[in-house]
Amino acid sequence: MQKFIWKEEYSVGVASIDEQHKNFFRITNDLIDLIERPDMAPEDCIAIARELEHYAVYHLTTEERYFHELSYPHTAEHIREHDHYRDKVRVLLAQLETNPEETKVLAEELANFSITWLSNHILLSDKKYSAFFERHGVH
Ligand SMILES: [Fe+2]
């Protein structure tokens, strides 16, 4: 499976957010490493999937806190995109927890969805808040 490789074009110009995006991808890459191990155990996969969901929610909430605090103009549509990610991941996680025989397929879907969603979301939506965040002193 294709892992995520960080490139400068993914920077939103806010160091703390870039760091969170890198962690988000790092956990997804850890999940891919685990999926590819022949001795992969479903419980380990579920543990990383939970870590990914937990970290994703933490990261998306961080952005949303700034949106509210700073009255960011595109808050509603941006949060709708976050909701799409959170909803999908919640469903996949629940499926992983109840279908151990489908672990590999579901974990691959989770990893692929996370990489595709986050890459596109950074490039198309997060970058729109760069200048606004910078003006309001978010580092
Ligand atoms: Fe975002």
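**Overall form and iron site of the predicted model**

A compact globule of 139 residues would have a radius of gyration near 14 Å, and the protein, with 16 Å, agrees with this; the radius is taken over C-alpha atoms, and the globule rule is 2.2 Å times the number of residues to the power 0.38. The model is predicted, so local features need pLDDT of at least 70 and side-chain atom pairs count only at pLDDT 80 or more, whereas totals for chains, interfaces and linings use all residues. Residues are numbered from 1 along each chain as its sequence is written, and side-chain values use heavy atoms, with hydrogens and water left out.

The protein contains 5 helices and 0 strands (DSSP runs numbered from the N terminus: helices are H or I of at least four residues, strands E of at least two). Along the sequence, the pattern is α-α-α-α-α. The C-alpha trace spans about 50 × 25 × 20 Å along its principal axes.

An iron ion is coordinated by Glu63 (OE), His78 (NE2), His82 (NE2), His121 (NE2) and Asp126 (OD), at 2.0 to 2.3 Å. Donors are N, O and S atoms within 2.8 Å of the metal (3.2 Å for Na, K and Ca); water is not among the atoms, so sites may look incomplete. Along the chain, the donors of the iron ion follow the spacing E-x14-H-x3-H-x38-H-x4-D. Glu63 lies in helix H2 (residues 42-70) and His82 in helix H3 (residues 75-98), so this pair ties together parts 19 residues apart in sequence.

Glu63 counts as buried because its relative accessibility is 0%, and His82 is likewise buried at 0%. Buried means under 20% relative accessible area, exposed over 50%, and partly exposed in between (1.4 Å probe, protein chains only). Buried residues make up 47% of the 139 residues.
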